[in-house]
Amino acid sequence: MTGSSVPTVTPDTSFAAALRQAIAHRGLALNRIRTHLADRGLHVGIATLSTWQSGRRVPRDESLAVIIALEELLQVPPGWLTVRIPPARSDLVASHRPYAVVEYAEALGRLLDRLRRDAHGRLRNVTIFEEVQHGPDRAVQYRRVTQCVVAVQPVDRIIVAHQGEAGCDVSQVNVHGLSGCRTGRIARAPEAGALLAELLLDRVLATGETAVVHYEIEDLTGLPSSNYYRFDEWGGTHYVLEVQFDRAALPVRVNEFRHRHADGADVLRQDLMLTPDGRAHLIEPSTEPGLLGISWEWD
């Protein structure tokens with residue numbers, strides 16, 4: 001997808017105006033949109049679509065699947081419409097408070113102020129593949145990430161968050177851009193064991209343009225770990241996580257888990273099987289806002 005395939009809007013363009021422009025850009029009548037959505041098992045009336053594009057109503061929470069399908073049908077980037085829905089009427093857009101799905105959001109917010117607060121929310125993840133490698137001491141040696149993103153507003157950097165193990169010395173955690181980006185500034189919050197790091201892109205992405213970056217988070221703290229998760233503020237990401245354990249230190253039990261919020265109850269928890277060479281993985285075709293990851297027990 002290129003920038004030329006997306007209607008020109010500003011960051012302040014309303015949901016209704018963006019929807020109208022996207023429909024006009026594709027040249028689709030509302031009855032055809034309704035038919036396309038129905039073919040996907042999503043039933044929404046022409047009257048509802050009309051009130052959405054006029055601004056008389058905004059989508060409610062239960063319409064998330066419809067909005068995601070509309071973004072695909074209208075050939076706009078993932079999140080291009082959902083980011084414009086007023087949060088007072090829907091939680092499709094996480095709170096205006098960045099990183100609200102995790103308990104250390106306040107610390108990350110302070111770090112964001114030290115970097116570039118206006119860079120937050122300008123990208124959406126399309127696909128993420130993460131590999132987490134453990135050593136024989138049960139500690140994470142590194143986390144390697146391939147991250148495919150699309151710009152919903154012009155942007156020249158990705159800001160990544162990481163929290164180490166409880167009690168860690170976060171000064172011993174580092175971020176290295178491997179390809180498609182280079183490491184910029186890193187801001188750390190020792191009290192939370194967390195950091196934010198800038199990954200500077202090769203160029204400024206226009207709305208609708210994509211990038212693929214590879215980076216590594218190096219953890220030299222040597223602390224044993226018992227879980228790994230990624231949090232997603234927006235959802236809609238194709239996510240793959242693979243955890244590799246050392247054959248000399250295999251866990252006795254491994255689980256996949258999901259939460260709406262770090263402090264919330266399990267939405268899902270189920271056993272995972274280890275492969276003969278000590279790997280476990282999860283695959284999620286389209287994430288929902290919240291947390292998902294893998295946990296394990298050593299003894």
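Buried means under 20% relative accessible area, exposed means over 50%, and partly exposed lies in between, with a 1.4 Å probe and protein chains only. I looked up Phe231 with this in hand: its relative accessibility is 16%, so Phe231 counts as buried.

**Ground rules**

I am working from a predicted model, in which local features need pLDDT of at least 70 and side-chain atom pairs count only at pLDDT 80 or more, while totals for chains, interfaces and linings use all residues. I number residues from 1 along each chain as its sequence is written, and side-chain values use heavy atoms, with hydrogens and water left out. I take helices (H or I, at least four residues) and strands (E, at least two) as DSSP runs numbered from the N terminus.

**Aromatic pairs**

How many aromatic pairs does a search of the whole structure find? I got 3. I count rings of Phe, Tyr and Trp (for Trp, its six-membered ring) as a pair if their centres lie within 6.5 Å; planes under 30 degrees apart are stacked, over 60 edge-to-face, and the rest tilted.

Tyr99 and Phe231 are an edge-to-face pair, 6.0 Å centre to centre with 85° between the planes. Tyr99 sits in the loop between α4 (64–73) and α5 (105–114), and Phe231 sits in strand β8 (residues 227–232), so this pair ties together parts that are 132 residues apart in sequence. I noted Tyr99 as buried because its relative accessibility is 4%.

Phe245 and Trp298 also form an edge-to-face pair, with 5.7 Å centre to centre and 85° between the planes. Phe245 is in the loop between β9 (238–244) and β10 (253–259), and Trp298 is in the segment after β13 (290–297); the pair links distant parts of the chain, 53 residues apart. I found both Phe245 and Trp298 buried. Phe245, Trp296 and Trp298 form one aromatic cluster.

**Charges over rings**

I count a charge as sitting over a ring if NZ of Lys or CZ of Arg is within 6 Å of the ring centre and within 35 degrees of the ring normal. Arg124 lies over the face of Trp234, 3.7 Å from the ring centre. Arg144 lies over the face of Tyr142, at 3.9 Å from the ring centre.

**Helix α1**

Helix α1 (residues 15–26) has 12 residues. From its first C-alpha to its last it reaches 17 Å, close to the 16 Å expected at 1.5 Å a residue; the expected span is 1.5 Å times one less than the number of residues. The buried residues of α1 are Phe15, Ala16, Ala17, Ala18, Leu19, Ala22 and Ile23. What covers them includes α2 (30–39), α3 (46–54) and α4. After α1 comes Gly27, with a positive phi near 70°.

I took axes as lines fitted to C-alpha atoms, for helices over the stretch in contact, with angles from 0 to 180 degrees between N-to-C directions. α2 and α3 pack at an angle of about 115°, and their axes are 9 Å apart. Contact here means heavy atoms within 4.5 Å. Leu30, Asn31, Ile33 and Arg34 of α2 make the contact with Ile46, Leu49, Ser50 and Gln53 of α3.

In α5 the buried residues are Ala105, Ala107, Leu108, Gly109, Leu111 and Leu112. They pack against β3 (155–163), β5 (181–189), β6 (194–205) and β8.

**The loop between α4 and α5**

Most residues other than glycine have a negative phi. Gln75 is not a glycine, yet its phi is positive, about 60°. Gln75 lies in the loop between α4 and α5. Is Gln75 buried or partly exposed? I logged Gln75 as partly exposed because its relative accessibility is 40%. Tyr99, also not a glycine, has a positive phi of about 65°.

Pro77 is in the loop between α4 and α5 as well. Its relative accessibility is 0%, so Pro77 counts as buried. Pro77 and Gly208 are 131 residues apart in sequence and 5.6 Å apart in space, C-alpha to C-alpha.

**His259**

I found His259 in strand β10. His259 counts as buried because its relative accessibility is 12%. Which residues is His259 in contact with, leaving aside its neighbours within four places in sequence? I listed Gly264, Ala265, Asp266, Val267, Arg269, Gly290 and Leu291. His259 and Gly164 are 95 residues apart in sequence and 19 Å apart in space, C-alpha to C-alpha.
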